[in-house]
Amino acid sequence: MNSQDKKEKISTRRTYLLLSRSLFALLEETPFEKLTLTQLCDHCLVPRSTFYRYFEDKYDLLYYCLQTFFDSVRLDRDVIYLKEGKGHKFIAKLIHVLEENRTSFQKIYRTNRNGVFMDILRNYLMQIFEQTVDELTQEGWKLKISRPVFTYLLADLYISMAQCYLSLEHGCSPETFAEDVRLFAQREFFD
């Protein structure tokens, strides 16, 4: 690889990082639907023409950021299991990531809870669950309930779980919260 290619790769990674960080920083104070590309580009000092070199629009950037986020928590097929603790590891990882940036995620949630951001997040999760169900179906698994009901409710469950964790004011540890979700999923409410 020559030095020009290396510089371009570094420049590309830097641009993705600047745009992603700016998006999340701005989402702390501005609902997604009110966020403009001008605000975003001004915030990270990236020219609009450069933005369009990498993304079609702010939705494309948001999907990239969501993909990056879920890659960081290693979203895998166990995410669709809540029975027998199979999804427990994913829940624990997700809660740990939320905890690491709790203040920022709380602000993003409070600012965007009634806007299109939550719908976009739900639709993104539903797409992931659709792909996972497709893989399992090809392996011979059969879903007992309709796919749209399953993917919608599962996406809502994970969103509600994250909202609940971010809304809790008392000091619930990520491990305790993940264990509580596991017990809830197994309907172990009382001793």
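1. Helices here are DSSP runs of H or I with at least four residues, strands are runs of E with at least two, and both are numbered from the N terminus. By that rule, this protein has 9 helices and 0 strands. Its pattern along the sequence reads α-α-α-α-α-α-α-α-α. The model is predicted: local features need pLDDT of at least 70 and side-chain atom pairs count only at pLDDT 80 or more, whereas totals for chains, interfaces and linings use all residues. Residues are numbered from 1 along each chain as its sequence is written, and side-chain values use heavy atoms, with hydrogens and water left out.

2. How much of the protein is buried? Of the 191 residues in the protein, 40% are buried (under 20% relative accessible area; exposed is over 50% and partly exposed is in between, with a 1.4 Å probe and protein chains only). The points below give this class for individual residues.

3. Leucine 45 deserves a look for its backbone. The residue is not a glycine, yet leucine 45 has a positive phi of about 60 degrees. Where does leucine 45 lie? It is in the loop that runs between helix H2 (37-44) and helix H3 (48-54). Leucine 45 counts as exposed because its relative accessible area is 76%.

4. Phenylalanine 90 belongs to helix H5. With a relative accessibility of 3%, phenylalanine 90 counts as buried. Valine 73 is 17 residues away from phenylalanine 90 along the chain, and the C-alpha atoms of the two are separated by 7.3 Å.

5. Helix H5 covers residues 88-100, and its axis comes within 11 Å of the axis of H8, with a crossing of roughly 45 degrees (axes are lines fitted to C-alpha atoms, for helices over the stretch in contact, and angles run from 0 to 180 degrees between N-to-C directions).

6. The axes of H7 and H8 come within 8 Å, and they cross at roughly 130 degrees. The pair H7 and H8 is therefore oblique as well. Is isoleucine 145 buried, partly exposed or exposed? Isoleucine 145 is partly exposed, because its relative accessible area is 43%.

7. How many salt bridges does a search of the whole structure find? The search finds 5 (each a side-chain nitrogen of Lys or Arg within 4 Å of a carboxyl oxygen of Asp or Glu). Side chains of opposite charge can pair when their charged atoms come close.

8. Which residues does arginine 147 pair with? One partner is glutamate 130, with the closest N and O atoms of this salt bridge 3.4 Å apart. Since arginine 147 is in helix H8 and glutamate 130 is in helix H7, the pair ties together parts that are 17 residues apart in sequence. Glutamate 130 is partly exposed, at a relative accessible area of 26%, and arginine 147 is partly exposed, at 26%.

9. Aspartate 134 is another partner of arginine 147, and in this salt bridge the closest N and O atoms are 2.2 Å apart. Here too distant parts of the chain are linked, with aspartate 134 in helix H7 and arginine 147 in helix H8, 13 residues apart. The relative accessible area of aspartate 134 is 34%, so aspartate 134 is partly exposed.

10. A further salt bridge joins the side chains of aspartate 119 and arginine 122, at 3.0 Å from N to O. Both residues are in helix H7, and because they are 3 residues apart, about one helical turn separates them. Aspartate 119 is partly exposed, with a relative accessible area of 40%. Arginine 122, in contrast, counts as buried at 15% relative accessibility. Which residues are linked with arginine 122 in a network of salt bridges? The network links Arg122 with Asp119 and Asp156.

How values were computed. Angles under 35 degrees count as roughly parallel, over 145 as roughly antiparallel, 65 to 115 as roughly perpendicular and the rest as oblique.
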